[in-house]
Amino acid sequence: MTNYYYIASDKKLEDGNASLQFVETEEWLIPGFDYPIQREIINGVEKHWELRELLQYIHNNTAPYDVCTVQIAHVINPTELSIQNNSSILLHDIIDPKQLVLAEGQLLTINKV
């Protein structure tokens with residue numbers, strides 16, 4: 001079973017580093033997201049170093065902006081995209097990469113203000 005993390009933002013997302021399998025997607029909207037999907041991570045993020053890399057990716061992409069939003073969701077079957085749980089957090093409140101661990105069907109909105 002393959003886990004997917006989908007990433008959307010109100011700003012253009014740049015390529016990540018090669019340590020995570022970031023795949024650029026055609027921008028498309030999944031019900032439950034406020035912004036178009038721009039990237040997906042195949043095989044999800046489960047290990048601590050992967051979570052750390054994802055958090056660094058988010059920091060790198062939000063650094064040029066004073067205010068922006070990034071949304072991430074964990075989906076197992078991309079043909080049956082269903083967001084069942086929404087939560088949000090301020091970027092500066094993320095002190096541990098483990099806060100990015102998402103259950104299947106969970107969407108996390110990260111706001112930089």
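This is a predicted model: local features need pLDDT of at least 70, side-chain atom pairs count only at pLDDT 80 or more; totals for chains, interfaces and linings use all residues.

Me: In what order do the elements of the protein run from the N terminus on?

Reply: The protein contains one helix and six strands. Read from the N terminus on, these elements follow the order β-β-β-α-β-β-β.

Me: Why is the protein described as being as compact as a globular protein of its length?

Reply: The C-alpha atoms, taken along the principal axes, fill a box of roughly 35 × 30 × 25 Å. For 113 residues the globule rule gives 13 Å, and the protein is as compact as a globular protein of that length because its radius of gyration is close to that value, at 13 Å.

Me: What percentage of the 113 residues in the protein is buried?

Reply: Here a residue is taken as buried when its relative accessible area is under 20%. By that cut-off, the buried part of the 113 residues is 44%.

Me: Which residue of E3 is the bridge partner of tyrosine 5?

Reply: Strand E1, covering residues 4–9, pairs with E3 in the antiparallel sense over five bridges. Strand E3 spans residues 37–42 and has five of its six residues buried, so it is largely enclosed by the rest of the structure. Within E3, the bridge partner of tyrosine 5 is isoleucine 41.

Me: How far apart are the mean positions of the positive and negative charges?

Reply: The protein carries 7 positive and 16 negative charges. The distance between the mean positions of these two groups is 7 Å.

Terms used. Residues are numbered from 1 along each chain as its sequence is written. Side-chain values use heavy atoms; hydrogens and water are left out. Helices (H or I, at least four residues) and strands (E, at least two) are DSSP runs, numbered from the N terminus. The radius of gyration is taken over C-alpha atoms; the globule rule is 2.2 Å times the number of residues to the power 0.38. Buried means under 20% relative accessible area, exposed over 50%, partly exposed in between (1.4 Å probe, protein chains only). Lys and Arg count as positive and Asp and Glu as negative; His and the chain ends are not counted. The place of a charge is taken as NZ of Lys, CZ of Arg, CG of Asp or CD of Glu. Two strands pair if DSSP finds at least two bridges between them.
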